[in-house]
Number of protein chains: 2
Amino acid sequence: MSETADLPLPVPDPASASARRVQSRTTSFDVAALAGVSQSAVSRAFTPGSSIAPAKRQRILEAARKLNYVPNSIASSLTTKRTNIVALILGNLANPFYVEVLRTFIDRLQAQGRQILTFTVENGADSDEAILRVLRYQVDGVVLTSAQLSTRMTSMCHDRGIPIVLFNRYIPGSDASGVRCDNAGGGRLMAEAFLAAGARSFAMIKGDPKGTTSQDRARGFTERLLEAGVARSAIREIEGASTYDGAFSAVLAAYRREPDRLPDAIFGINDIMAMGAMDALRQRMGLKIPQDVMIGGFDDIPESRRHPYQLTTVRQPVERMVDEALAILHLDEPALPIEPGIDRQVPGRLVWRGTIPAPALPGA
Amino acid sequence: MSETADLPLPVPDPASASARRVQSRTTSFDVAALAGVSQSAVSRAFTPGSSIAPAKRQRILEAARKLNYVPNSIASSLTTKRTNIVALILGNLANPFYVEVLRTFIDRLQAQGRQILTFTVENGADSDEAILRVLRYQVDGVVLTSAQLSTRMTSMCHDRGIPIVLFNRYIPGSDASGVRCDNAGGGRLMAEAFLAAGARSFAMIKGDPKGTTSQDRARGFTERLLEAGVARSAIREIEGASTYDGAFSAVLAAYRREPDRLPDAIFGINDIMAMGAMDALRQRMGLKIPQDVMIGGFDDIPESRRHPYQLTTVRQPVERMVDEALAILHLDEPALPIEPGIDRQVPGRLVWRGTIPAPALPGA
DNA sequence: GCAACATTTGAATGCGTATTCATAAATGGA
DNA sequence: TCCATTTATGAATACGCATTCAAATGTTGC
């Protein structure tokens with residue numbers, strides 16, 4: 001059994017095997033006939049930079065408009081081997097951060113005249129099926145922001161000349177290139193912020209244990225605390241699904257288990273989890289933030305700025321990361337070889353807001 | 001000038017005009033050669049329901065796997081005239097409601113083996129350019145959840161046999177079909193909730209004045225209040241951009257203008273605006289909800305359920321609406337004619353939470 | 001005014017697959 | 001067992017466009 005045959009394919013109603021065709025599509029030949037030129041000329045009229053007399057191009061475009069002609073990109077892709085389609089494989093759209101990522105990619109790519117084929121994959125699930133679909137559609141590049149990626153799929157893409165870029169994750173042992181925030185560094189920034197505010201005991205709410213992103217942030221955070229002389233026993237880990245609700249209930253459960261071990265500071269591995277934690281702490285446990293507990297997040301999603309949260313967090317420079325990712329794809333220069341193993345890290349920046357008392361000279 | 005020639009197209013670097021081709025792609029002919037069959041057989045092996053001996057199919061799939069062969073959907077689309085691609089034209093991804101809509105469409109379509117081509121359009125802008133791109137890619141159907149749609153574009157799609165469905169909006173004078181929540185009815189539900197809770201003076205925070213959705217909700221709301229004997233002067237309108245921030249500042253501005261005309265109840269035309277209003281009222285104006293002001297929303301986005309908001313709102317049945325929308329597209333039966341002028345309305349449901357004091361028998 | 005060159009043009013071809021059509025093999029019925 | 005059907009198969013072709021190649025036209029320099 002080959003997996004390539006097992007994709008769920010829409011099985012067309014046998015009775016309607018013939019495609020809907022209200023009127024036979026107008027093709028470049030129709031336009032050519034109307035304009036009194038050859039089909040080649042029509043093709044050239046729609047191809048920027050090709051050799052055609054301006055006057056003739058105008059005449060052709062005019063004829064095309066009359067016929068409501070629109071070039072068939074599918075057909076042209078067949079010959080050019082470029083689809084101008086980029087695939088975006090996304091995980092958790094429940095996390096607003098990834099919505100922002102999606103928006104940014106769409107903005108950029110749309111402005112470049114490219115189309116976006118969107119896939120979602122269960123968080124942490126492997127994305128092989130999505131990749132297989134992507135391959136069928138001969139996309140010009142793939143952005144992967146979630147899920148695992150088998151080396152087999154990586155090489156299948158690369159063999160076909162399709163570049164992949166991992167966004168905010170890396171896959172150990174893979175030669176796929178990627179861009180990510182300096183997650184460990186961001187974790188360190190947060191540790192420093194807590195320390196500066198005088199915290200002595202800590203907790204992290206970690207999300208998906210398989211996610212390198214979560215791990216790296218936690219690692220940087222822990223390392224910095226240990227360097228500062230904090231005892232390992234003063235750093236607690238709370239596990240929960242990496243969602244608002246996951247953090248909410250994980251915090252409650254941890255508190256119920258050990259009510260007297262409330263830490264001074266809690267690091268939510270991302271903003272949405274930090275928000276869940278805040279709501280649990282305030283609304284269910286009656287605590288005040290930052291007086292009773294400090295909270296830190298990661299991402300700087302728009303919601304973090306809003307009044308109920310005012311979350312101190314590590315900002316990920318999404319636009320810059322997206323630009324770097326697109327640079328790695330180098331869609332404009334398909335002739336260049338795919339560079340494997342790039343691991344571009346972009347630093348995050350601490351944004352002081354209300355959930356950690358700012359030291360005398362904030363940011364100093 | 002034909003607009004069809006003006007799309008921003010990626011202009012390939014002249015130096016790299018030839019496409020990246022690391023190794024000549026393996027085609028169905030290669031597989032056929034290895035399996036010792038004809039190309040037709042390979043095609044049939046990958047086409048569910050086509051006439052081929054099971055044993056031979058297995059042999060072919062085996063050969064395909066060895067060669068890492070993946071069928072080229074672009075090529076097959078050229079002959080079948082079906083791409084299995086559906087276009088989603090979205091507006092405001094800053095509104096979580098539309099993120100949910102996006103997620104739901106992706107889930108459904110992905111499960112059907114279809115791909116999603118995503119476009120975003122400035123809110124309220126016209127979507128002609130997006131439609132033009134969509135036409136080039138010969139998509140099987142279009143879902144439009146924002147923006148305006150010219151009748152020219154509608155007919156261009158219909159002429160080509162591409163069905164369009166409008167999601168939660170309609171375009172007066174257009175024969176495009178659509179699905180929407182019964183927005184006016186939802187507005188009425190909210191009016192009734194406020195009345196039941198004893199409110200006597202009202203305000204609406206309206207979003208985009210061009211959006212029929214916003215207008216319909218406001219109209220239903222107003223009508224129901226008038227029917228109940230509320231004086232028109234007791235119903236105020238506050239205009240603002242249909243975002244969290246838009247509502248936040250619109251409420252503050254309205255309050256500063258007439259500090260003594262605080263209404264009993266405020267209807268945010270959607271949840272994200274209601275949330276902005278709530279935060280402004282509580283954090284900036286020191287008011288208590290629902291004691292000092294009641295708040296109602298519309299959509300029932302996940303955030304509405306969260307502790308800081310607990311928003312009483314009108315729930316839109318997204319899944320059902322998506323299903324209806326896909327039914328209108330009838331992607332499985334492309335031979336059926338496109339039915340214009342369908343206007344399917346799905347009722348909303350009031351969800352009582354904390355921002356309106358529930359009457360003795362909630363929901364009665 | 002003419003050679004040397006640059007720009008335009010159209011006919012023909014290929015891209016990778018699905019499908020048609022005619023033929024070959026397999027199956028069923030009597 | 002043999003004919004009538006059904007099923008399986010391969011050769012050939014079409015899908016709509018970009019591109020190559022050779023020819024034609026236009027431009028420049030002297």
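Which residue in β2(B) is the bridge partner of A:Thr118? In this predicted model, that partner is B:Ile116. Residues are numbered from 1 along each chain as its sequence is written, and chains are lettered from A in the order in which they are written. Local features need pLDDT of at least 70, side-chain atom pairs count only at pLDDT 80 or more, and totals for chains, interfaces and linings use all residues.

Strands here are DSSP runs of E, at least two residues, and helices are runs of H or I, at least four, numbered from the N terminus; two strands pair if DSSP finds at least two bridges between them. The pairing sits within an open sheet of twelve strands with mixed pairing, in the order β11(A)-β5(A)-β4(A)-β3(A)-β1(A)-β2(A)-β2(B)-β1(B)-β3(B)-β4(B)-β5(B)-β11(B). At its edges lie β11 (343-346) of chain A and β11 (343-346) of chain B, each pairing on one side only.

Turning to the interface, 90 residues of chain A are in contact with 90 residues of chain B (heavy atoms within 4.5 Å). Together the two chains bury about 8500 Å², 57% of it on carbon and sulfur atoms; this is the accessible area (1.4 Å probe) lost on putting both parts together, summed over both.

Note on methods
Side-chain values use heavy atoms; hydrogens and water are left out.
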